[in-house]
Amino acid sequence: MATDLSAPRTVRPDVAPIQRRTLRLLFTTQIIGGIGVTIGIAVGALLAARIAGTAVAGLAQSAGVVGAALLAIPVTRIMARHGRRPGLVVAYAVGAVGGVLVVLAAVTRSVPLLFLGMLFFGGGTAANLQARYAAVDLAEPARRARQLSLIIWATTIGAVAAPNFAALADRVTSGWGLPPLAGPFAFSAAAFVLAGGVLLGLLRPDPLLTARRLAAADAPVADVPAAVLAAEAPADGGPVGGDVAPAAAPVEVRAPRGAGMRVAWSVVRGRPAARLGIAAVAVGHLVMVAVMSMTPVRLGESHADADVLRLVGIVLSLHIAGMYALSPLVGWLTDRLGRRVVILGGVGLLLAACAVAGTAGHHTPRLSVGLVLLGLGWSGTMVAGSTLLSESVPDGVRPSVQGLSDLTMGLAGAGAAMASGFVMQVAGYPVLTLLAAVATVPLVALALRPVPSGAPDEEG
């Protein structure tokens, strides 16, 4: 049933040093940016509750999710025309602006400014998500999933360190006249500026533009569909590095002009593997957000206020560990067993998580097991789905398709977060987990659907 999509192209030996440097750089900036993002997640709801009231605190958090999803569109358009580096830098810059706006909102107690700031703050999340795709532009086919998962794993370090930095930032900035909980967002803005600055100065050569140059050297431009490669891309600002560029006449690299969501969707519609990749990422994220977002409320139903925060911290830490800590192992399994197999395995873990968490009652250890399984299932669908999507579409339209995937994932997560509160209030946590499990049925059907002979499931 699994389709092997990991073989046919041989990567030139002189690309390997560029890929190693790219991975090291992305790993480092992912930690820095991850700290900035996680600080916002850790204190954003508390700050929103103090400024606007508890009733709208969740909406402020959702604004960040929606911002990340919407920013995927312009960011990937920049990448499609100019490469990964400027796209990631712009995303981090927007996130930094959002952090500054949130600080100003805390000082002025302005609710509209708070929502605008949280919307822009999503730029940091957008950059963190897009970084995983930059890791596979020059990856060897047999190692794509492992190298993508390595960048996802780097988020673990930022997630663990962020709460400590949040408390430190709040203490340091209290002497500057900033209100409580505003300082962490100032620190987040600084982290985004640092991550963007490092990428701006050091992510050279650009991995996406380098991959296009190599593809152009291997295949005549005339053989590439005009709808995908329509105009010349601007220069990267320097040589590719080493002797990657052909020794003969310079190769013209063509990038899509106006390759937006419509073009991306038209490409995805004709490729079953690309559709499966997007569905895996979106459905896995939807199920994870729906169950995870209401778990603190579930804990609050059976524990005293003095114990709730401590238990929420423990349970969510275990959940985050499930999401990120084992992602290199998930990547290795994806390369060894196949993308579809790991996607189905991730769905199985999500179903197990819903069953365990939904039947845990008020037994906190069992609920914790369910949240760990939930994180592992998300990791399987995210790593395998992202890898399958990236290798299933041509180079020229790949950033736009990846942006479409992140847009779909973000909107699915935001919708799940908003709907889960209503379901929790009306029907309770067990029904919520049951509905989350039912949401995986279309993904299972898509993953088990036979691939038509000759379907364009793979670039080239």
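These are my notebook entries on what I looked up in this predicted model.

**Ground rules**

I number residues from 1 along each chain as its sequence is written, and my side-chain values use heavy atoms, with hydrogens and water left out. Because the model is predicted, local features need pLDDT of at least 70 and side-chain atom pairs count only at pLDDT 80 or more, while totals for chains, interfaces and linings use all residues.

**Overall picture**

I began with the secondary structure and found 16 helices and 2 strands. Helices (H or I, at least four residues) and strands (E, at least two) are DSSP runs, numbered from the N terminus. Next I looked up burial: 54% of the 460 residues count as buried. Buried means under 20% relative accessible area, exposed over 50%, and partly exposed in between (1.4 Å probe, protein chains only).

I also looked at contacts, meaning heavy atoms within 4.5 Å. Among contacts with a separation of 6 or more, 85% are between residues 24 or more positions apart. The accessible surface comes to about 18,300 Å², and 69% of this belongs to carbon and sulfur atoms. Such areas come from the Shrake-Rupley method with a 1.4 Å probe, and for residues only the protein chains shown count as cover.

**Helix H15**

Which residues of H15 are buried? In this helix, residues 429–438, I noted Tyr 429, Leu 432, Thr 433, Ala 436 and Ala 437. Seen down the helix axis, the buried residues of H15 fall within an arc of 135 degrees, so they line one face. The arc is taken from the directions from the helix axis to the C-beta atoms. A reminder to myself: an α-helix has 3.6 residues a turn, so residues three or four places apart point the same way. The cover over the buried residues of H15 includes helices H9 (272–300), H12 (339–358), H13 (364–391), H14 (398–426) and H16 (441–448).

**A glycine in H14**

In helix H14 I stopped at Gly 410, which counts as buried at 7% relative accessibility. Gly 64 is 346 residues away from Gly 410 in sequence, yet the two are 9.7 Å apart in space, C-alpha to C-alpha. Leaving aside neighbours within four places in sequence, I found Gly 410 in contact with Val 65 and Ala 69.

**A nonpolar patch**

On the surface I found a nonpolar patch formed by Leu 326, Leu 329, Trp 332, Leu 333, Leu 337 and Val 341, with about 510 Å² of accessible area together. Patches are made of residues with over 30% relative accessible area and no salt bridge; like charges are joined within 9 Å, and nonpolar side chains (Val, Leu, Ile, Met, Phe, Trp, Tyr) within 5 Å. Helix H11 (residues 327–337) gives the most to this patch, with 4 residues. Leu 326 sits in the loop between helix H10 (305–324) and H11, and Leu 326 is partly exposed at 41% relative accessible area.

**Salt bridges**

How many salt bridges are there? I get 7, using the rule of a side-chain nitrogen of Lys or Arg within 4 Å of a carboxyl oxygen of Asp or Glu.

One of them pairs Asp 137 with Arg 84, with the closest N and O atoms 2.7 Å apart. Asp 137 lies in the loop between helix H4 (111–134) and helix H5 (144–174) and Arg 84 in helix H3, so this pair ties together parts 53 residues apart in sequence. Both Asp 137 and Arg 84 are buried.

Another pairs Asp 335 with Arg 146, at 2.9 Å between the closest N and O atoms. Here Asp 335 is in helix H11 and Arg 146 in helix H5, so the parts tied together are 189 residues apart in sequence. Asp 335 is buried at 12% relative accessible area, whereas Arg 146 is partly exposed at 24%.

I also noted Asp 395 with Arg 398, whose closest N and O atoms are 2.9 Å apart. Asp 395 is buried at 8% relative accessibility, and Arg 398 is buried at 6%. Salt bridges that share partners join Arg 144, Arg 146, Asp 335, Arg 339 and Glu 391 into one network.

Pro 205 lies in the loop between helix H6 (183–202) and helix H7 (207–218).

My last entry is Leu 181, in the loop between H5 and H6. Its phi is near 75 degrees, a positive value in a residue other than glycine, and Leu 181 is buried at 11% relative accessible area.
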